[in-house]
Amino acid sequence: MESQSPAWSIRLAFELVANDQTAQAVIAGLTEEQLNWSPAPESWSVGQCLEHLSLTNEAYLPAISAALQGKRDDPAEQITPGWFGRWFIRNIVEPSPKSRRVSAPSRIKPTAHLELSVLDRFLSINKSCRELIIQARGKNV
């Protein structure tokens, strides 16, 4: 990403690259059985976590892309979540003892058994996320 890019776009792109590397390291050498193992019946396997993240991004990226259409070229230096975004991150997204455990909507619920190709899907959608960040960095998001 270019040096004149807003700080938020650089940070997000680097976080996605780091997520790619972590996923690759976690999956490296796993068998399909290990990929699908979960520590408890109500917990997801590593593969299911990757699929959930892929499904979530696949669900949101088209809407985000559409929202960018017609936005003026006036880059935002920082993006700060509103009250609902802050509440959602604090209570649902961030792992902590205070986080609520909620069921994923069916649209982004992973399947019961996955193949090792789930990593390729995860890496591909993260690449799409980085491409969208490049489109968004010059817009008034």
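Biologist: Is Phe88 buried, partly exposed or exposed?

Modeller: This is a predicted model, and in it Phe88 sits in helix 4, which covers residues 83-93. Buried means under 20% relative accessible area and exposed means over 50%. Because its relative accessible area is 35%, Phe88 counts as partly exposed.

Biologist: Which residues make the nonpolar surface patch of about 540 Å²?

Modeller: Members of such a patch need over 30% relative accessible area, and Phe88, with 35%, is partly exposed. The nonpolar surface patch of about 540 Å² is made by Phe88 together with Trp83, Phe84, Ile89 and Val93.

Biologist: Which residues form the aromatic cluster?

Modeller: A pair of aromatic rings is described by the distance of the centres and the angle of the planes. Rings pair if their centres lie within 6.5 Å, and by this rule there are 3 aromatic pairs. The residues that form one aromatic cluster are Trp83, Phe84, Trp87 and Phe88.

Biologist: With which side chain does the side chain of Asn126 make a polar contact?

Modeller: Asn126 belongs to helix 5, residues 118-136, and counts as buried because its relative accessible area is 2%. Leaving aside residues up to four places away in sequence, Asn126 touches Leu16, Asn19, Asp20 and Asn57. The polar contact, at 2.7 Å, joins the side chain of Asn126 to that of Asp20.

Biologist: How many residues apart are Arg121 and Glu51, the pair that links distant parts of the chain?

Modeller: Arg121 forms a salt bridge with Glu51, and their closest N and O atoms are 3.2 Å apart. The pair links distant parts of the chain, with Arg121 in helix 5 and Glu51 in helix 3 (residues 46-68), at a separation of 70 residues.

Biologist: Which of these two, Arg121 or Glu51, is buried?

Modeller: Arg121 has a relative accessible area of 29%, so this residue is partly exposed. Glu51 has a relative accessible area of 7%, and the limit for buried is under 20%. Within the network of salt bridges that links Glu51, Glu58 and Arg121, the buried member of the pair in question is therefore Glu51.

Biologist: Does Lys139 count as buried or exposed?

Modeller: The side chains of Lys139 and Asp73 meet in a salt bridge, 2.9 Å from N to O. This pair links distant parts of the chain, since Asp73 lies in the loop between helix 3 and helix 4 and Lys139 in the segment after helix 5, 66 residues apart. Asp73 is exposed, with a relative accessible area of 63%. At 19% relative accessibility, and because the limit is under 20%, Lys139 counts as buried.

Biologist: By about how many helical turns are Glu131 and Lys127 separated?

Modeller: The side chains of Glu131 and Lys127 meet in a salt bridge at 3.9 Å, N to O. Glu131 is partly exposed at 39% relative accessible area, and Lys127 is partly exposed at 48%. Because they are 4 residues apart in helix 5, their separation is about one helical turn.

Biologist: What pattern does the protein chain follow along the sequence?

Modeller: The secondary structure comes to 5 helices and 0 strands. Among contacts between residues at least 6 apart in sequence, 83% join residues at least 24 apart. Read along the sequence, the pattern of the protein chain is α-α-α-α-α.

Notes:
Residues are numbered from 1 along each chain as its sequence is written. This is a predicted model: local features need pLDDT of at least 70, side-chain atom pairs count only at pLDDT 80 or more; totals for chains, interfaces and linings use all residues. Side-chain values use heavy atoms; hydrogens and water are left out. Patches are made of residues with over 30% relative accessible area and no salt bridge: like charges are joined within 9 Å, nonpolar side chains (Val, Leu, Ile, Met, Phe, Trp, Tyr) within 5 Å. Accessible areas come from the Shrake-Rupley method with a 1.4 Å probe; for residues, only the protein chains shown count as cover. A salt bridge is a side-chain nitrogen of Lys or Arg within 4 Å of a carboxyl oxygen of Asp or Glu. Helices (H or I, at least four residues) and strands (E, at least two) are DSSP runs, numbered from the N terminus. Buried means under 20% relative accessible area, exposed over 50%, partly exposed in between (1.4 Å probe, protein chains only). Rings of Phe, Tyr and Trp (its six-membered ring) pair if their centres lie within 6.5 Å; planes under 30 degrees apart count as stacked, over 60 as edge-to-face and the rest as tilted. A polar contact is a pair of N or O atoms within 3.5 Å; within protein, one must be able to donate a hydrogen and the other to accept it, and residues adjacent in sequence count only if both atoms are side-chain atoms. Contact means heavy atoms within 4.5 Å.
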